[in-house]
Amino acid sequence: MKRPPIIIVQLIHIFGPLKGQINEFSQDVITIGRHPSCHLQFPADLTIMSRNHAEIVREGNQFKLTDLSANGTFVNGKKVKEVYLKTGDVLTFADGGPKVSFLTQLKEGSDEPEPRSVPQVQEALVQKPKIRSEERIPAPQPPAGKPAQPSVQAARVPFTIQYGAMIRSYKELPVTLGKSPGCNFVIDHPAVFDQHAQLFFADNQYWIKDLTGQNLIRLNHQPIPFQSPLTVNDEIALSPRGPSFRFLGEGRLAEITGSDQDMQYSGGKDNLPKASDQREPPQDGILSKFKKFWGSSQQ
């Protein structure tokens, strides 16, 4: 008998001791706290959080968050006891505590036994020791027909992003882009989601991942269904309404404003701007911003 669709829950850590990590779950009950039995376990010395702080329970195709803590749980800055979550919600465990972004991914059902109901799962959690999520939850698979793709992992590689007059450099990936203040790089644009995209490094390449769940990101005018590697001069549109960027290679991403001429650098790879000289960005013209910021010898 065909089972219901499998929904993968992704919790992306955007603030706290696990920042940069992504936990993925497919079970019907996800427990969160400092206790060793919790599916999402935080360090024991993070006493601002309770040992059993919160749980997320699947109800049909919805997920309900229940606060079980002494110091509270917040969703998008609002303290809650129970609430149904939606993709892109930011969860904060205790005031000033760790923050995660809640995302879901849908997988097709298969001819397997029906999953146990929520009460049965809860009973099993009480009676048997729990296994941490990374030991038993498989990583989500790319769409059917696509080759296996790398998972998001922390990597100590440089990355620099320019958007408007703002330039930010990072020493480690992944980096999350979005409208939420909890993102590593905040983009205030009407077409950008709270958690919109993620940049990471794997297999000696830089990659971009669509976090919207709606295939909004375009790479060279084509939507990416899951994630895609980046090559020099790739054009990235975060949505059909922008904003747009160009990948300059060597971990450099620059906003495209007006004519593409601004982003065409002459003289070969050696004359591309380099993220080694972190000066104040000027306010006029994208090309002059990069020249001054990276200390280019071009005039």
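## Asp-210, a buried charge

Asp-210 is buried but makes no salt bridge. Buried means under 20% relative accessible area, exposed means over 50%, and partly exposed lies in between, with a 1.4 Å probe and protein chains only. A salt bridge needs a side-chain nitrogen of Lys or Arg within 4 Å of a carboxyl oxygen of Asp or Glu. The nearest side chain of opposite charge to Asp-210 is Arg-218, 6.7 Å away. Lys and Arg count as positive here, Asp and Glu as negative; His and the chain ends are not counted.

This is a predicted model, in which local features need pLDDT of at least 70, side-chain atom pairs count only at pLDDT 80 or more, and totals for chains, interfaces and linings use all residues. Residues are numbered from 1 along each chain as its sequence is written, and side-chain values use heavy atoms, with hydrogens and water left out.

What does the side chain of Asp-210 reach at 3.2 Å? The backbone nitrogen of Ile-217. A polar contact of 2.6 Å also joins the side chains of Asp-210 and Thr-212. A polar contact is a pair of N or O atoms within 3.5 Å; within protein, one must be able to donate a hydrogen and the other to accept it, and residues adjacent in sequence count only if both atoms are side-chain atoms. Asp-210 lies in strand E17, residues 205-210. Helices (H or I, at least four residues) and strands (E, at least two) are DSSP runs, numbered from the N terminus. Beyond its neighbours within four places in sequence, Asp-210 is in contact with residues including His-196, Asn-215 and Phe-226. Contact means heavy atoms within 4.5 Å.

## Salt bridges

Side chains of opposite charge can pair when their charged atoms come close. The structure holds six salt bridges. One of them joins Glu-235 and Arg-246 at 3.7 Å, N to O. That pair links distant parts of the chain: Glu-235 sits in strand E21 (residues 235-237) and Arg-246 in strand E22 (residues 244-247), 11 residues apart. Glu-235 and Arg-246 are both buried.

Lys-64 and Glu-59 meet at 3.3 Å, N to O. Lys-64 counts as buried at 17% relative accessibility, whereas Glu-59 is partly exposed at 32%. Glu-250 and Arg-252 also form a salt bridge, at 3.3 Å, N to O. Glu-250 is partly exposed at 42%, while Arg-252 is buried at 1%. Salt bridges that share partners join Glu-59, Lys-64 and Glu-82 into one network.

## The seven-stranded sheet

Seven strands form an open, mixed sheet in the order E13-E12-E23-E22-E21-E18-E19. Two strands pair if DSSP finds at least two bridges between them. The edges are E13 (166-170) and E19 (222-223), each pairing on one side only.

Strand E12 (residues 159-163) runs antiparallel to E13, joined by five bridges. Tyr-163 has Met-166 as its bridge partner in E13, and Ile-161 has Arg-168. Two residues separate the strands of this hairpin, and Gly-164 takes a positive phi near 60 degrees. E12 also pairs with E23 (residues 252-255), in the parallel sense over three bridges. There, Gln-162 has Ala-254 as its partner.

Why is E12 largely enclosed by the rest of the structure? Because five of its five residues are buried. Phe-159, Ile-161 and Tyr-163 point one way; Thr-160 and Gln-162 point the other.

## The five-stranded sheet

Another open, mixed sheet has five strands in the order E4-E3-E5-E6-E9. Its edges are E4 (40-41) and E9 (82-84), each pairing on one side only. Three bridges join E6 (residues 62-67) to E9, and the two run antiparallel. Leu-65 stands opposite Val-83 in E9.

## Leu-177 and the cysteines

Leu-177 is found in strand E14, residues 175-178. Leu-177 counts as buried at 3% relative accessibility. Not counting residues up to four places away, Leu-177 touches Ile-161, Cys-183 and His-196, among others. Leu-177 and Leu-211 are 34 residues apart in sequence and 9.3 Å apart in space, C-alpha to C-alpha.

A disulfide is a covalent bond between the sulfur atoms of two cysteines. The cut-off here is a pair of cysteine sulfur atoms within 2.5 Å. By this rule the count is zero. Cys-38 is buried at 1% relative accessibility, and Cys-183 is buried at 7%.
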